Amino acid sequence: MTDFEVRAAEAGEFDAVRAVFSAAMMFELTPDDDLARQLFEPERTLVAVDGGEFIGTTLALTRNLSVPGSVVPAAHVTGVGVRATHRRRGVLSQLMGKQLREVPEAIAVLWASEPAIYGRFGYGAAAWGTAYEVDLHRVGPPTGPIRPGELGQLTPDEALKELPRILGLMQQVRAGVSDRSELRWQKHLEDKPDDRGGRTALRIVVHRDETGSVDGYAIWRGKMVWNPTGPAYEVHVEELVAPEPTAYRVLWQHLLTMDLSAKLGYGYAAIDEPLQQLVSTPTALDRRVTESLWLRVTDVPRALQQRQYAVPVDVVLDVTDDLIEANTGRFRLTASESSVKCERTDDPADLTVSVGALGAVYLGGRPLAEFAPTGRITEHTAGALARATAAFGWPTAPVSLEVF
């Protein structure tokens, strides 16, 4: 028996929700944030209440996510926290269970501050993120002829009109990319001095093609650093989106050749980031790879119908899910170049798969066969695992461009 209540938040409880999360994450609350208040979705925020005191929270933001071959609604889970005084009482389990059973979307995604937590709730690490720390003195930036085009700089107001279209194009190229509403774009480009970490104000540089249309952008900050031998400035890239190859190359050439600079950092690269192919000394791209986006399938047939598949497939999956009963059972997935269908079946299973493994492979970034040696996938029909692995794969790795 629990001695606390789990319910949806009310419109006037924004400050109380923020206080619980900041306490759980051990950071100080910043001054009142009007944009964050406007983005607050109380009906999608769950709170655990004990004796009138908020002891835990979790939020599900209303956003869309690119998946292989499509862009679909995805519950963007964030603000997950439990007060230190109420740990080990099942608060998080109650919050997570209610949230996952009630979200209307077929998939939920999150960034995990502590990855060990979320596997037990059926999430799987679906995208690997790459963080670069680049030695600009050694890297050797892109050289050689580049087709005509030009770079320019935008103000935040100008960027609000230009950048959403480019992000939308990026969703057609890579899975794992979240959309942004106009209000969320305003929040993303907000540039309070206290949030700069000692760096400059935002710089928004764009590439324009031969017609003058913006086809790529980079958002970055600089930091003045001097060492005994002179200036060694740091370039901190916050976001680079360039679906078109020329724009991608020109923007990186610009960032890798900044005057007086010695170091560049970028934290949101894909594991197959093309930057590795553009420089003459790839070892100067010191990189750290870790999980970025975790994904949870909340409605198996609907989720599997929402994405496309690399090759045709006809397979019966026996899914196990300890948290959402409706996900447990056998489903026949039939996919061709023109259609996808997934529905319950009584036919014998070709594969048994845990819902966590299904989430991990959903974006096409991890092979289904990876999970067979650990028993999270079991093959019952010879050859089914190889065929399903090929179908669930995708030519480009997924990438998440922001922590939400």
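Strands are DSSP runs of E of at least two residues, numbered from the N terminus, and two strands pair if DSSP finds at least two bridges between them. The structure described here is a predicted model. In its hairpin of β2 and β3, two residues lie between the strands, and Gly-51 takes a positive phi near 60 degrees.

Six bridges join β2 to strand β3 (residues 53-67), and the two pair in the antiparallel sense. Within this pairing, Thr-45 has Leu-59 of β3 as its bridge partner. Strand β1 (residues 5-8) also pairs with β2 in the antiparallel sense, here over four bridges, and Ala-8 stands opposite Leu-46 in β2. Five of the six residues of β2 are buried, so this strand is largely enclosed by the rest of the structure.

Five strands take part, in the order β19-β18-β17-β20-β21, and their pairing is mixed. The edges are held by β19 (340-344) and β21 (377-379); each has a single partner strand, so one side of each is left without a neighbour in the sheet. On average, neighbouring strands of this sheet are turned by 25 degrees against each other, direction ignored. Strand β20 (residues 351-354) runs antiparallel to β21, and three bridges join the two. In this pairing Leu-351 stands opposite Glu-379 of β21.

Strand β14 (residues 261-270) includes Ser-261. This serine counts as buried because its relative accessible area is 10%, where the limit for buried is under 20%. Apart from neighbours within four places in sequence, Ser-261 is in contact with Leu-136, His-137, Tyr-233 and Val-235.

Other salt bridges involve partly exposed residues. Glu-190 forms a salt bridge with Lys-187, and the closest N and O atoms are 3.1 Å apart. Glu-190 is partly exposed at 24% relative accessibility, and Lys-187 is likewise partly exposed, with a relative accessible area of 26%. These two residues belong to a network of salt bridges that links Asp-33, Lys-187, Glu-190 and Lys-192. Asp-191, in turn, meets Arg-196 in a salt bridge between their side chains (3.2 Å, N to O). With a relative accessible area of 21%, Asp-191 is partly exposed.

The surface also carries a nonpolar patch, formed by Met-25, Phe-27 and Leu-29, which together have about 250 Å² of accessible area. Of these residues, Leu-29 is placed in the loop between α1 (14-25) and α2 (34-39). Leu-29 counts as partly exposed because its relative accessibility is 41%, and partly exposed residues lie between the limits of under 20% for buried and over 50% for exposed.

Notes: Residues are numbered from 1 along each chain as its sequence is written. This is a predicted model: local features need pLDDT of at least 70, side-chain atom pairs count only at pLDDT 80 or more; totals for chains, interfaces and linings use all residues. Side-chain values use heavy atoms; hydrogens and water are left out. Axes are lines fitted to C-alpha atoms, for helices over the stretch in contact, and angles run from 0 to 180 degrees between N-to-C directions. Patches are made of residues with over 30% relative accessible area and no salt bridge: like charges are joined within 9 Å, nonpolar side chains (Val, Leu, Ile, Met, Phe, Trp, Tyr) within 5 Å. Accessible areas come from the Shrake-Rupley method with a 1.4 Å probe; for residues, only the protein chains shown count as cover. A salt bridge is a side-chain nitrogen of Lys or Arg within 4 Å of a carboxyl oxygen of Asp or Glu. Buried means under 20% relative accessible area, exposed over 50%, partly exposed in between (1.4 Å probe, protein chains only). Contact means heavy atoms within 4.5 Å.
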